[in-house]
Amino acid sequence: MTGADLLESVAKLFGPKLHAKTEFRGETTYGIASTDLREIAKLCRDDLSFDYLIDITSIDNFGVDPRFEIVYELYSMTLAVHLRLKMKIGEDETPDTVSDIWPTANWHEREIYDMMGIKFKGHPDLRRILMWDGYPFFPLRKEFPLEGLPSEMPDVAFTKSAPLEGGPFVTQPSTAITKFREPRARPPEL
Amino acid sequence: MAEERSTAYDSKIEGNVIFTRLDAAFNWVRKNSLWPMPMGLACCAIELMATAASRFDIARFGAEVMRFSPRQCDVMIVAGTVTYKMALAVKRIYEQMPDPKWVIAMGACASTGGMYRSYAVLQGIDQLLPVDVYISGCPPRPEALLAGLMKLQEKISCEKSFVAQKPELTRKLAGVNT
């Protein structure tokens, strides 16, 4: 079996459950429904040799319904084939976990929960992983400001906001040269 | 020592007796054996290690004894990005250090948050600890850290350490003298 055969059998096996196929530089992407996720994941691992889950990421399409999108990057170690599955979910939906199918998904799903606030149904240990337990925000959501929001958790941690305006490392949208577009220091009058 | 002056010369006791001020003696001892607490949090810690290694050799300034227990340390070198998750831990380690103690903020991140102007990074360790010396650079070269250490030594040699250490005794002595 070659890599092309494998991708063909993916299309054959799941048929109508896959939609919106795109190909880019030899990598195939399919959209799937969140209800089909576990079935597709299990068959991908067991029958289609996608034994390696490289990463799970999430996208916040703020203002679009459904709001979130979760991307699964699968890889077949034996045939060296990539497969990307994209799954749209709404704000109140709780997608199924795949942490029992690929154990590595455990921490990836924790990270998505931490940064985006998406809860995974059936996850054995859905705690925050980067921020501390009790931090009230989900920082990678689009409505969360880059500068952060103040929070306070006595004896554990606190945060303050760090405004960007006028400070270093700000890019101004213009056609001017870098020196003017990205002032590296606060102007002296501030 | 800068403060040392020649006193009545006596060849019999020469070499055995030194006249100095108490502060100067204290400070001389302190500044030449600073035991650092290596608070290495990011890439600055690599430069800190390079400073301690043979090429730059921080031992020339008496600060080679990196201690991993805060109870044995004099100067905390905050080397790297202090995230909010780590911030209170850094403060707690600082509080476990015995007095007198000093803090060096090494690099842009420890001094100001550096390029991490974000929700996760403390914008300068000076929001939590009293910083004595800031070192610029991202990360600073080992020479810069050594220069910072020498600045700290200068600062220590100007301190009124006896008064700071024994305030009651100093007051009492002053009362007796007047």
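**Figure 1. Contact between chain A and chain B in the predicted model.** Chain B contributes ten residues to the contact and chain A contributes 15 residues. On the side of chain B that touches chain A, five residues are nonpolar, three are polar and two are charged.

**Figure 2. The open sheet of chain A.** Five strands are arranged in the order S1-S2-S5-S4-S3, with mixed pairing. Strand S1 (19-24) and strand S3 (52-60) of chain A are the edge strands; each has a single partner strand, so one side of each lacks a neighbour in the sheet. From one strand to the next, the twist averages 20°.

**Figure 3. Strands S4 and S5 of chain A.** Strand S4 (residues 68-76) and strand S5 (residues 81-89) of chain A run antiparallel and are joined by nine bridges. Within this pair, A:Ile70 is placed opposite A:Met87 of S5(A).

**Figure 4. Helices H1 and H3 of chain A against the strands.** Helix H1 (residues 3-14) of chain A packs on the sheet and touches strand S2 (27-32), S4 and S5 of chain A. The direction of helix H1 makes about 25° with that of S5(A). Helix H3 (residues 105-116) of chain A lies across S3 and S4 of chain A, and runs at about 10° to S3(A).

**Figure 5. Helices and strands of chain B.** Chain B contains seven helices and four strands, which follow the pattern α-β-α-β-α-β-α-β-α-α-α along the sequence. Chain B has 178 residues, of which 34% count as buried. Among contacts in chain B with a separation of 6 or more, 77% are between residues 24 or more positions apart.

Note on methods
Residues numbered from 1 in each chain as written. Chains lettered and ligands numbered in written order. Predicted model: local features only at pLDDT ≥ 70, side-chain atom pairs only at ≥ 80, totals over all residues. Contact = placed C-beta atoms within 7 Å. Nonpolar A, V, L, I, M, F, W, Y, C, P; charged D, E, K, R; others polar. Pairing = 2+ DSSP bridges. Helix = DSSP H or I, 4+ residues; strand = E, 2+ residues; numbered from the N terminus. Axes fitted to C-alpha atoms, helices over the stretch in contact; angles between N-to-C directions. Buried ≥ 20, exposed ≤ 12 C-beta atoms within 10 Å, placed from the backbone.
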